[in-house]
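Dear colleague,

Please find the structure below, followed by a written account of the findings.

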Amino acid sequence: MDNSQLSRTATSYTTRLDRTLKTLQVRVKEQEAALEKLRISTASIETEPSPDPKSHLLQLQALKAAYETLTPQESWIPPADSPLPALLALRATDQCVKESQERTTQTDAELKETQIRLDKENADLSEANLIQTDLTDRISSLQAEIDERTQKSPGQVAKEMIRELKKKKTYYDSETGKLVKGFNKFIDEHLAPMLAAEELGGPIVGEILDVDEMMLEAGFSTQGKAKKAKTNPDDAQRQRRIDEIWGARPEEDRRSKEPWDEKRAAATEMRELTEELLNSLVEADGTGPGAYVELRSETAAARFLVRSKVAQFHPRDARKLRLVDFGGDFDD
């Protein structure tokens, strides 16, 4: 279809719209004129029924005539070439599309909520099935143990229990050794330099992760900043500072070829403190005043354990420290 044909089609459609609009305007004016004529020619009647039978009959006849006048014999229909039916159909279709879109949006939201609820129900069902399976397996295992023990003598049962306990002890001793090695490695490679830096007046543990030997040797300012390293450091003064903060080198550590510097002193202090705390907790059976360790002074190691929620100070005496009993409650 070329441009001239499109132009003619658009012009024809516009002409039909104008003609339909004029027809509707004429129709509106005719209805308004008829309504005005009816208002002028019709006398007002009483709204209440008249007690006089003749007057009441006249009222009914007037109402009947009015209804017959207002009810047309034939409905007005636009001409065959009028675009009005198409416009009305387009308006109805547009309204239907909008309502369908709104309903689609609402249905999508409801579908999402239903899907979320379905996923949650499926997850709960899977968890319930797993719990049921575990309980069934556990019941079967216990029943098998009961059946096995009832078929053995008390001596055989006792021997098997002893073997099982020894096996568990060996396993736990091995795992404990691995944990101790990992703990010592963590102290030596990561924690000890940061503890030493905090003890020397530097940043608290965790603020600076890379604390080197030169920073510990030079020390820190009152603002917690690392001082500039000296060209010729005084080793004797440095050793006196270490002895004043951490004390002299322990007797059991004198055979080591490693120098007694800030890092090694902080690591030794951390190990001794944790060992003392563990022993006190075990001896006190996890509760009671015996679980507390009395500190000579508040050290960076003690503060680190408290910040890590591993230990806690006594509620009324900050010189006492104990490990948190994770199987019990915190002290108020």
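**Findings**

Ile 187 is buried, because its relative accessible area is 0%, below the 20% limit for that class. Please note that the model is a predicted one.

Ile 187 lies in helix H4. Leaving aside residues up to four places away in sequence, its contacts are Ala 192, Pro 193, Ala 267, Met 270 and Arg 271. A distance from this position may also be of use to you: Leu 88 is 99 residues from Ile 187 in sequence, and their C-alpha atoms are 84 Å apart.

Helix H4 spans residues 154-199, and the loop between it and helix H5 (213-218) holds Pro 203. Is Pro 203 buried or exposed? With a relative accessible area of 13%, Pro 203 is buried. Among the residues it touches, again not counting those up to four places away in sequence, are Ala 197, Glu 198 and Ile 208, together with Phe 220 and Gly 224. Pro 203 and Lys 225 are separated by 22 residues in sequence, while the distance between their C-alpha atoms is 7.7 Å.

**Salt bridges**

How many salt bridges does the structure hold? There are 11 in the structure, and several of them are described here.

Glu 198, which is in contact with Pro 203, also belongs to a salt-bridge network with Glu 298, Arg 303 and Arg 307. Glu 298 is partly exposed, at 45% relative accessible area. Arg 303 is likewise assigned as partly exposed, its value being 22%.

A further salt bridge joins Asp 94 and Lys 98, whose closest N and O atoms are 3.4 Å apart. Both residues are in helix H3 (residues 84-150), and because they are four residues apart there, about one helical turn separates them. Asp 94 is partly exposed, with a relative accessible area of 38%; Lys 98 is also counted as partly exposed, at 44%.

The side chains of Asp 317 and Arg 319 meet in a salt bridge as well, at 3.3 Å from N to O. Asp 317 counts as buried, since its relative accessibility is 18%.

**Charged surface**

Which residues form the negative surface patch? The patch consists of Glu 252, Glu 272, Glu 275 and Glu 276. Of these residues, Glu 252 is located in the loop between helix H6 (235-246) and helix H7 (262-283). Glu 252 counts as exposed because its relative accessibility is 65%, which is over the 50% limit for that class.

**A backbone angle to note**

Lys 309 has a phi angle near 65°, which is a positive value in a residue other than glycine. Lys 309 sits in the loop that runs between helix H8 (300-307) and strand E2 (311-313). At 59% relative accessible area, Lys 309 is exposed.

With kind regards

Definitions and conventions: Residues are numbered from 1 along each chain as its sequence is written. This is a predicted model: local features need pLDDT of at least 70, side-chain atom pairs count only at pLDDT 80 or more; totals for chains, interfaces and linings use all residues. Side-chain values use heavy atoms; hydrogens and water are left out. Patches are made of residues with over 30% relative accessible area and no salt bridge: like charges are joined within 9 Å, nonpolar side chains (Val, Leu, Ile, Met, Phe, Trp, Tyr) within 5 Å. Accessible areas come from the Shrake-Rupley method with a 1.4 Å probe; for residues, only the protein chains shown count as cover. A salt bridge is a side-chain nitrogen of Lys or Arg within 4 Å of a carboxyl oxygen of Asp or Glu. Lys and Arg count as positive and Asp and Glu as negative; His and the chain ends are not counted. The place of a charge is taken as NZ of Lys, CZ of Arg, CG of Asp or CD of Glu. Helices (H or I, at least four residues) and strands (E, at least two) are DSSP runs, numbered from the N terminus. Buried means under 20% relative accessible area, exposed over 50%, partly exposed in between (1.4 Å probe, protein chains only). Contact means heavy atoms within 4.5 Å.
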